[in-house]
Amino acid sequence: MQISRDWATPLTIGAFILMATTGILMFFHADMGLNKEAHEWLGWAMVAGVGAHAVANVSSFKRYFSKPSALAIMAVFALILAASFFIQEDKDGKGGNPGRRATMAVLNAPISDIAPLAHQTPQALLAELQKAGFVIESPNQSLISVTGPEQANQFKALAVVFR
């Protein structure tokens, strides 16, 4: 099979649209359904598309390796990639995204402890969450134990808590 721009370029464009959209959704924690799985698994289509596109345009592709500005841009990304293997979040719970850490702290806290943050009584908050469709047995349960791992459910519960 010959690698042709007729299919390599549309494959690259289609895969880019999917990767960009799902990546942005994941960045803002707005992904739902199979967005994350599509991003992870169909990323292989992006790799294949970019590889095929590079082969189909090999003469143009090679020229970029002789341009200092292009080499500098590629080097920056290669250094970022290398650093990503060695720089890690602190293991003691400090560091990392503070918004994500705060969200996880709320999700893992007992509902009775979250209620004052939302200016509600534990009983009122339990009623609101139950009205929203969450099955709760005790105010000692955490939101995450009620919502499960699905981020869409977690954000739905947080929206109920912080109306």
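I looked up His39 and noted that, at 18% relative accessibility, His39 counts as buried, where buried means under 20% relative accessible area, exposed over 50% and partly exposed in between, with a 1.4 Å probe and protein chains only. I am working from a predicted model, in which local features need pLDDT of at least 70, side-chain atom pairs count only at pLDDT 80 or more, and totals for chains, interfaces and linings use all residues. Residues are numbered from 1 along each chain as its sequence is written, and side-chain values use heavy atoms, with hydrogens and water left out.

I placed His39 in helix 2 (residues 35-56), helices being DSSP runs of H or I with at least four residues, numbered from the N terminus. Leaving aside residues up to four places away in sequence, I found His39 touching Met19, Thr22, Gly23 and Met26, with contact meaning heavy atoms within 4.5 Å.

I then turned to the largest nonpolar core, which has 19 residues, those with the most contacts inside it being Leu129 and Leu143; such a core is a set of buried Ala, Val, Leu, Ile, Met, Phe, Trp, Tyr and Cys residues joined through side-chain atoms within 4.5 Å. Helix 9 gives the largest share of this core, 4 residues.

I listed the partners of Leu129, again not counting residues up to four places away in sequence, as Ile111, Phe134, Ile136, Leu143, Ala157, Val160 and Val161.

Last, I checked how helix 7 meets helix 9, and noted that Leu125, Glu128 and Leu129 in helix 7 meet Ala157, Val160 and Val161 in helix 9.

Definitions and conventions:
Helices (H or I, at least four residues) and strands (E, at least two) are DSSP runs, numbered from the N terminus.
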